[in-house]
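Q: I would like a close look at one part of this model. Please take the sheet and the helices beside it.

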Amino acid sequence: MKDEVIFDLRDVWKIYYMKDVETHALRGVNLKVKRGEYAAISGPSGSGKSTLMHIMGCLDTPTKGKVIIEGRDTSEMDDNDLARIRREKIGFVFQAYNLMPGLTAAENISLPMRFNGIGKGDAQRRAAELLKKVGLGDRLHHNPGELSGGEQQRVAIARALVNDPDVIMGDEPTGNLDSKTGVEIMELIEDLHEKTGKTVIIVTHDRKLAKRAKRQIKTLDGKVVR
Amino acid sequence: MLDIAVRELAGHKVRTILTALGIFIAITAIVSLGSISTGLNELVTSTTSLIGSDTIFVMKHFDFSQMGGPGGGPPTLEDMKADQVEEVISTPGVKRGVPIIARQIGGLFEVDGLDIEQKDIFGAEDLEFKEGSWPENDEKGAALGFIVAESFGVVVGDYITLNKKEVEVVGIFEEGSGAYDLVIIMPYDFADEIYETDGGATQIMLEPVDISLVEGIKETIEEDHDDLDAMTMEDALSMMEEMTVTLNIMTFGIGFVASLVAAIGIIITMYTSVLERKRQIGIMKATGAFGRTIMIQILEEALVLSVVSSILAVGISFFFVGLLNEMLLGGVNLAMITPALAIGAVMYGVILTVISSLYPARMAIKVDPIEAIREG
């Protein structure tokens with residue numbers, strides 16, 4: 001299934017309307033990403049890289065154009081279909097970790113599984129397995145507040161993997177970490193890519209980080225320039 | 001995901017306690033007031049079962065809303081003269097007539113003088129005694145309700161003073177004999193002597209030969225005696241029911257206002273909770289939760305909160321109702337919480353909370369995950 005196009009963006013526009021002012025975040029983006037690719041989307045602030053990732057990740061919808069994921073046109077999908085894609089096909093890793101503060105590491109990881117109707121016991125077992133995989137086997141019952149930034153991001157990675165998605169999307173995943181921990185996190189993501197063949201798409205403004213990816217996608221003024 | 005709902009509530013103690021307090025106050029108010037209506041309804045029903053619905057009461061005109069215990073009348077009620085009593089009892093169709101001398105003492109207790117042999121017409125034949133027994137018809141003694149005895153601080157063999165005359169306590173009814181907890185029953189002749197009624201009666205209870213004659217007897221008595229009222233237990237009860245209805249309306253009025261205040265409180269706290277958790281809701285959406293999953297989560301929290309606080313409220317109401325009976329009603333267990341009232345109140349608390357949480361829950365669905373996560 002290599003060479004299969006997993007994301008196919010055709011003339012995608014995203015325009016924000018605030019009172020009388022129109023802001024063009026994306027201006028006719030055309031982009032294809034194949035299954036198993038490791039790509040970095042980079043560009044200066046305001047170039048539309050995060051918007052692009054949000055649209056690819058079904059967190060947002062385009063104003064114009066088509067986003068086709070695994071051959072299915074997302075413009076024909078309802079909110080529940082889009083939620084199902086986010087839950088089953090894509091695992092997100094955010095800059096600010098975005099863990100639920102009141103839940104333990106294991107509960108945070110198991111949450112997307114619980115959304116899928118899996119029972120608490122099974123979901124917690126899978127969470128324990130994944131925590132071990134990201135090197136936090138002993139942090140099962142710790143709340144996010146009791147974990148370091150790097151550890152929280154590992155928990156977030158484990159959560160992204162819990163439903164065994166095809167794609168891992170990282171929005172500045174090392175942005176809140178010191179450089180050493182940042183490298184460790186990237187190594188963890190890359191290791192996953194190598195071992196499982198999952199498609200990895202990282203958004204970053206860090207050139208060094210972008211260069212680690214096998215494919216560079218650059219954005220400027222709402223367009224993909226390369 | 002009820003476990004997550006419980007964790008969420010436990011994680012925000014102040015907010016949870018404040019919301020719970022709103023539900024708690026509303027349900028406690030409803031149950032406490034409702035218990036009085038329920039008690040009154042029960043009293044009406046139990047009195048009907050004690051005294052046959054075909055029994056006719058005859059007495060001088062009076063305002064029924066002041067009626068006391070069984071067969072009772074207010075102290076201002078005028079007595080019928082001996083010849084009038086005789087005439088009433090000899091009305092065609094009457095099987096037997098029992099004249100009763102009734103006096104209120106202290107506003108709460110009532111003295112009833114009647115032929116002890118005929119006490120069955122009064123529904124008193126099966127009363128159990130804590131000590132002693134019924135006075136004989138020729139005895140100068142009385143049987144006292146449990147609360148009456150408690151209040152006078154007397155036991156069998158002691159004396160109480162009624163209308164400046166000594167009355168021996170010959171029996172005390174078992175506690176919990178309903179309205180009989182509040183009465184003093186003595187032989188007719190002795191009451192006649194104490195109150196100097198001269199063969200008269202405050203009221204007469206009539207048993208018809210046949211139930212079909214009830215209306216005819218009533219009509220005859222009222223036609224022959226302008227100053228008398230004749231009514232069946234049913235007539236009397238329908239008047240009492242009117243009172244109960246007024247009380248019920250009052251209860252529900254206060255309950256409604258309390259619920260409204262509670263509902264607004266719930267909406268505000270749940271809405272604040274949604275605003276406060278915008279980021280968390282955003283995370284849930286980003287990681288694939290359906291809108292309805294989030295809505296259910298919020299409603300589950302409301303459910304857990306309302307079940308716990310409503311049950312607590314009903315529990316505490318038992319204490320309040322006990323206090324109400326003790327302090328305001330002088331130890332009479334009038335106000336009562338029936339299983340139906342308790343279950344109904346819990347269900348009402350749950351429905352009120354869940355409905356009040358619908359709007360905040362719908363707000364939660366509309367949270368934009370990108371905006372919510374960006375704010376983090």
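Which residue is the bridge partner of A:Ile41 in β8(A)?

A: This is a predicted model. The bridge partner of A:Ile41 in β8(A) is A:Val203. That pair belongs to two strands of chain A, β3 (residues 38-42) and β8 (residues 199-204). They run in the parallel sense and pair over five bridges.

Now the whole sheet. It is open and has six strands of chain A, in the order β6-β7-β8-β3-β9-β10. The pairing is mixed. At the edges stand β6 (90-94) and β10 (223-224) of chain A. Each has a single partner strand, so one side of each has no neighbour in the sheet.

Next, the helices. Helix α5 of chain A (residues 149-161) lies across β6 and β7 (167-171) of chain A. Its direction is at about 165 degrees to β6(A).

Helix α5(A) also meets helix α6 of chain A (residues 179-196). Their axes come within 10 Å and cross at roughly 15 degrees. An angle under 35 degrees counts as roughly parallel, so α5(A) is roughly parallel to α6(A). The crossing of α5(A) past α6(A) is right-handed.

Which residues make this contact? From α5(A) come A:Gly149, A:Gly150, A:Gln153, A:Arg154 and A:Ile157. From α6(A) come A:Thr181, A:Glu184, A:Ile185, A:Leu188 and A:Ile189. By class, the residues of the contact of α5(A) with α6(A) are four nonpolar, four polar and two charged.

How values were computed
Residues are numbered from 1 along each chain as its sequence is written. Chains are lettered from A and ligands numbered from 1 in the order in which they are written. This is a predicted model: local features need pLDDT of at least 70, side-chain atom pairs count only at pLDDT 80 or more; totals for chains, interfaces and linings use all residues. Two strands pair if DSSP finds at least two bridges between them. Helices (H or I, at least four residues) and strands (E, at least two) are DSSP runs, numbered from the N terminus. Two residues are in contact if their C-beta atoms, placed from the backbone, lie within 7 Å. Axes are lines fitted to C-alpha atoms, for helices over the stretch in contact, and angles run from 0 to 180 degrees between N-to-C directions. Angles under 35 degrees count as roughly parallel, over 145 as roughly antiparallel, 65 to 115 as roughly perpendicular and the rest as oblique. A crossing is left-handed if the near helix is turned anticlockwise from the far one by less than a right angle, and right-handed if clockwise. Ala, Val, Leu, Ile, Met, Phe, Trp, Tyr, Cys and Pro count as nonpolar, Asp, Glu, Lys and Arg as charged, and the others, Gly among them, as polar.
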